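Here are my notes on the model you sent. They are set out as numbered points, to be read with the structure open.

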Amino acid sequence: MVATFMVLIMTKRMTPVLALIIVPTVFGLFAGAGLGIGDMALDAIGGLAPTAALLMFAIIYFGLMIDVGLFDPLVRVILRLVGHDPVKVVVGTALLAAVISLDGDGSTTFIVVTSAMLPIYLRLGLSPVVLTCVAGLANGAMNILPWGGPTARAAAALDLSPSDVFVPMVPSLLAGLAVIFAFSWHLGLLERRRLGTIDLPGEGVNAAAPAGPGTGPGSGSVGGVETRTTGPRGTGGTITRLGPLSSAAIQTLVKPDDTAMADSMLDPQRSTLRPRMFWFNLVLTAAVMVLLVADVLPLAYVFMAGSAVAVIVNFPRVSDQAQRIVAHAPSIVGVVSMVLAAGVLIGVLEGTGMVDAMAAWVSGSIPDELGAFSAVITGLLSIPMTFFLSNDAFYFGILPVLAESAAAFGIDPVDMARASITGQVVHMQSPLVPAILLLISLAGVNLGDHHKKVLWRAVVVALVMLVVGIAVGSIGIG
């Protein structure tokens, strides 16, 4: 069932929303679900409703903050720090995602990172798929923090302390982040090779080889974009300079029409800017972030209340309020529909007993002679299984079964727990994770395109984390 789903979306034969509904429905009927398949889906959808509400109002809130210009100064600061070198921009994206991920919430991380970095990617002509790739990798590695969820689940399932599970895995986390930054650097190099070094108006021209019309072996100008090929034809690099462009010209250049935050920095004269409300919006956003971290109110309600206050204060006229909400409807529909559709897949997996059957099959498939390597096998299994299953299904349904069988070979449960979290960087790319659906929707990236670029890199990072854990002794072998 899962393989069919992945093939359909990666080959773009079906949209993710339709595949999440149709594929599990067909397989669920073959599995004997009968008329009960509807109840299975609705039970799972009911559990996802708070998440859908959270994402819906988070999109409205942060979209509104972008509309009014709250993040414009941040983008300018980041541009000054990373310059216009694609390598620095991509590595900076990974660093920002890792830092924001300290709050343990993937949705917040992706909203903030996309708000800050997507306008830069669009302005410079970088591929948004690169943004989703490095942000997804960084957040996936940081997801093993004790307050991130998986570590707490593993600890709870095996009656352990989350700190006992996480602290010895710090070397693995650092190694994983090092690999992610290496991947980011390489992706930046590929983008630099594709685009050249980019100079924006008022920021100076590349000192080594100034771009300009009528100079060098080849030059030209299209829509305010000047390019110059350096060196003999076919051997040199290309330097691109963005001259003064209109918003329409930039949109033609980078084609951001399908992104939820496409024009946030492309039009500094947009009518929705509210510079006089900057400090109010900053304080309101800080208050929302504090409430999110403090966890004193349901996250969905925090964003619902914050969105209501932000809309009323920034847009007192009723017609403007309705217009601002409707303006973000495309991204809301895209994200919420995928979250609710994922409920069909989750419901069929759990309702038909597929999860229980997989747990029994996995534990029964490990030969006795490999019992001493149960922790290593668990780490390897966590890579595909946390991608195909929810964290709850894996940590509460499969991990206890594996840990019980491993105990017969002298494997400590804490070693099993540590090994089980190494696959989280792959898990975070799963279509069952609402946060990643939010990320690709905001960036206007196809899920299949994201998977083509990110999955093999995520597997490499997970394997590195597992190998380092074994090497430093945090994941033991019986």
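1. Is Phe387 buried or exposed? Phe387 is buried, because its relative accessible area is 6% and the cut-off for buried is under 20%. Keep in mind that this is a predicted model. The residue sits in helix H17, which spans residues 374-388.

2. Leaving aside neighbours within four places in sequence, Phe387 is in contact with Met6, Val426, His427, Gln429, Ser430, Pro431, Leu432, His451 and Leu455. Val433 lies 46 residues away from Phe387 along the chain, yet their C-alpha atoms are separated by 8.9 Å.

3. Now the chain as a whole. It has 22 helices and four strands. Of its 478 residues, 53% are buried. Take the contacts with a separation of 6 or more: 75% of them join residues 24 or more positions apart.

4. Next, the core. The largest nonpolar core holds 138 residues. Tyr61, Met65, Val89, Met117, Tyr121, Phe303 and Met416 have the most contacts inside it. Helix H3 (residues 37-67) gives the most to this core, contributing 15 residues.

5. Residues up to four places away in sequence are not counted here. Tyr121 then touches Val89, Val90, Thr93, Leu126, Ser127, Val130, Leu131 and Val134. Val89 is also among the core residues with the most contacts.

6. Which helix packs against H7 at an angle of about 175 degrees? The partner is H10 (residues 170-195), and the axis of H7 (residues 128-142) is 9 Å from that of H10. Angles over 145 degrees count as roughly antiparallel, so H7 and H10 are roughly antiparallel to each other. By class, their contact has eleven nonpolar, one polar and one charged residues.

7. The residues on each side can be named. From H7 come Val130, Cys133, Val134, Leu137, Ala138, Ala141 and Met142. They meet Leu173, Leu177, Ile180, Ser184, Leu187 and Glu191 of H10. Val130 and Val134 also touch Tyr121.

8. Look closely at Glu191. It lies in helix H10. Glu191 counts as buried because its relative accessibility is 7%. Its side chain reaches the backbone nitrogen of Ser127 at 3.0 Å. Ser127 is also one of the residues that Tyr121 touches.

9. Where is His328 found? It is in the loop between helix H14 (318-327) and helix H15 (329-351). At 8% relative accessibility, His328 counts as buried. What does its side chain make a polar contact with? The partner is the side chain of Asp67, at 2.8 Å. Apart from neighbours within four places in sequence, His328 is in contact with Ile59, Gly63, Leu64 and Asp67.

10. Last, helix H21 (residues 434-443). How many of its ten residues are buried? Ten of the ten are. They are Pro434, Ala435, Ile436, Leu437, Leu438, Leu439, Ile440, Ser441, Leu442 and Ala443. Gly444 follows H21, with a positive phi near 70 degrees.

Definitions and conventions:
Residues numbered from 1 in each chain as written. Predicted model: local features only at pLDDT ≥ 70, side-chain atom pairs only at ≥ 80, totals over all residues. Heavy atoms only, no water. Core = buried A, V, L, I, M, F, W, Y, C linked by side-chain atoms within 4.5 Å. Buried < 20%, exposed > 50% of the residue type's maximum accessible area, 1.4 Å probe, protein only. Helix = DSSP H or I, 4+ residues; strand = E, 2+ residues; numbered from the N terminus. Contact = heavy atoms within 4.5 Å. Polar contact = N/O pair within 3.5 Å; in protein donor to acceptor, adjacent residues only side chain to side chain. Axes fitted to C-alpha atoms, helices over the stretch in contact; angles between N-to-C directions. Parallel < 35°, antiparallel > 145°, perpendicular 65-115°, else oblique. Nonpolar A, V, L, I, M, F, W, Y, C, P; charged D, E, K, R; others polar.
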